[in-house]
Amino acid sequence: MQALYAQLLVGLINGSFYALLSLGLAVIFGMLNIINFAHGALYMMGAFCAYFLLNLAGIGYWPALIIAPIVVGIFGMILERTMLQWLSGLDHLYGLLLTFGIALIVQGVFQNYFGSSGLPYAIPDELKGGMNLGFMFLPIYRGWVVVFSLIVCLATWYLIEKTRLGANLRAATENPTLVRAFGINVPRMITLTYGLGVGLAALAGVLSAPINQVRPLMGADLIIVVFAVVVIGGMGSIMGSIITGFSLGVIEGLTKYFYPEASNTVVFVLMVLVLLVKPTGLTGRAA
Amino acid sequence: MKQKISALLFGTALTLAASGALAQDKTVKVGVLTDNSGLYSDLGGAGSTLAAQMAIEDSGLAAKGWKIDLISADHQNKPDIATTIARQWIDVEKVDIFMDVLNSGVALAVNNLVKEKNAVMINTGAATSDLTNAQCSPNTIHWVYDTYMLANSTGQALVKSGGDTWYFLTADYAFGHALERDTAAVVTKSGGKVIGNVRHPLNSSDFSSFLLQAQASKAKIVGMANAGGDTTNTIKQASEFGIVAGGQKLAGLLLFITDVHSLGLKVAQGLNFTETFYWDLNDDTRAFSKRFSERMKNKAMPSMVQAGVYSGLVHYFKTLDAMGGNPHDGIKVVEKMKAAPTDDPLFGKGTIRADGRKLHPAYLFEVKKPAESKGPWDYYKLIGTTPGDQAFRPLSESACPLVKK
């Protein structure tokens, strides 16, 4: 029983990465209608950004949590301005192929210079060590990841669903021409939204840098699972992707305990089941 | 008329065949089949191709009229892709010798094909000891290391120093299974006990669940039967979960210098493991590694897999030189290679056994503390050496049909 509690908690930790990443994807898909396959590469860039900040400029983990998402977010906005915006109105497939191509190029460039084994990034001193919870030894850093990503997820949800800015944004995706008539600069808002989604990916990258090696392929390994999370949660649904992210982490954790060999596939089995029963995803609305 | 023509054709064919036999065929093609983009690409990959290139340049065969071509491809750690490439290499590209071929699943698949097509494979990257046991082939030489040797050296040393209960964390494919099986056998034979195992999918990023299970087992040794990125992530996350601080010891059953480099000494210090090559062993290895590192894009020192590519080709080229030409009959070339003792700057003097096993010493290393390291890549302390004839599976235990008993 003790072991089960521990697995649940570990699942929650992984779930927080899924939630952060799928949230970014959901924001981008919901607002821009782009299936952002470059998300994994941008997540990786976030981690590398933290690594460079530490090793080239001596800037530590805490400032990196803010700087890296901004830097990578700006990179994302440049992508949106120079490439993605020309695809608006076309079939989803074009956006998917373009972002997939971008992901391959970015990963290829990083792999060319940094190899595949990755670079070390240490846990910040303030979060070193762990607590004995009785049923498991919880590294403090992991606890921090869960709490912090939960806060970020809820804040994003609040921003989009409950504020005036979010309302404008949602209106702009429904009917851009009408929203423009109210004097709102829709293209700029879309660029900023893409930047926000990308920034969330980069933030997840910084959070994961001390846990995993900073590797060029760290995003590629994760992105497919995250897409499954988005599909299960319902494409474009903010709350749906947060809840699915956390719960799939837990389910995966339990699989790692009961039948570890299947832990890489359980998410996809669930995805197939959900699509068969409810094609719009758990919380998705019919288009 | 018809008879005349066929007689004429037959005559021409005879003449052609005769002239072919007289003029020695001195062309040979080397194929480096490796992981160029995935989790093992740092320990093989472009470095293996570079090592092959250096071996070709250093062989001096070009001056003796040989024409040596080199090609390389990425098998993406997938046996089906690897066999497709290998088939094309043999049938279309006329590749004579396969080098590196890391990843045990890939190696076993390519092994069968190379045998069927009578080419040569010097495997320097795969770990599974089956390549020279039940699956041995007259066309294959297993050069650098294998799971039996790793288990024997690291496993025995750890049980002797008090680690008598083991829990395995195993990569779920041919290599992990072989390494776990061979190590468990050594542990049991030396008086230890295996109390459990967990198998994780290849190329996982999160090991916390598996580590918690290892922690709960209370085994003294957590044996990591995995490699590359899987091992580095396991080690990193094990320190996070306080596995070592809690009194358990991590055993890296297969670690490469590129893994230690990636982890950094702060995390990796104190780990014990076995390799058959280290750049800082002697003047010869240092000289080669310096030349190698200067030509690598990221200035990395050679791993034992990459060093093995160089060393294997040195012996191959010596054999070709002695044969004088016609290097396309795989079995014949490998027989000649087995007949001659090996001697090269990287692995020293050695021999190749009937089952295809190359013998050389195995070194037990300990990773230095950050304070002990004098500079980049100065990572290992040598703490024990097993001579070549004792390091690998004895022929008396071999299930290889090539071994006459």
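Biologist: How are residues and chains labelled, and which pLDDT limits apply?
Modeller: Residues are numbered from 1 along each chain as its sequence is written, while chains are lettered from A and ligands numbered from 1 in the order in which they are written. Because the model is predicted, local features need pLDDT of at least 70 and side-chain atom pairs count only at pLDDT 80 or more, whereas totals for chains, interfaces and linings use all residues.

Biologist: Which residues touch the most other members of the largest nonpolar core?
Modeller: They are A:A202, B:F98 and B:V110, in a core of 213 residues. A nonpolar core is a set of buried Ala, Val, Leu, Ile, Met, Phe, Trp, Tyr and Cys residues joined through C-beta atoms within 7 Å; buried means that 20 or more other C-beta atoms lie within 10 Å of a residue's own, with C-beta atoms placed from the backbone.

Biologist: What is B:V110 in contact with, beyond four places in sequence?
Modeller: Its contacts include B:L33, B:F98 and B:M121. Contact means C-beta atoms, placed from the backbone, within 7 Å.

Biologist: Turning to the chains, how many residues of chain B are in contact with chain A?
Modeller: 34 residues of chain B are in contact with 32 of chain A.

Biologist: Which element gives the most on the chain B side?
Modeller: α8(B) does, with six residues. Helices are DSSP runs (H or I, at least four residues), numbered from the N terminus.

Biologist: Where do α4(B) and α6(B) meet?
Modeller: B:S104, B:G105 and B:L108 in α4(B) meet B:A174, B:F175 and B:A178 in α6(B).

Methods: Buried ≥ 20, exposed ≤ 12 C-beta atoms within 10 Å, placed from the backbone. Contact = placed C-beta atoms within 7 Å. Helix = DSSP H or I, 4+ residues; strand = E, 2+ residues; numbered from the N terminus.
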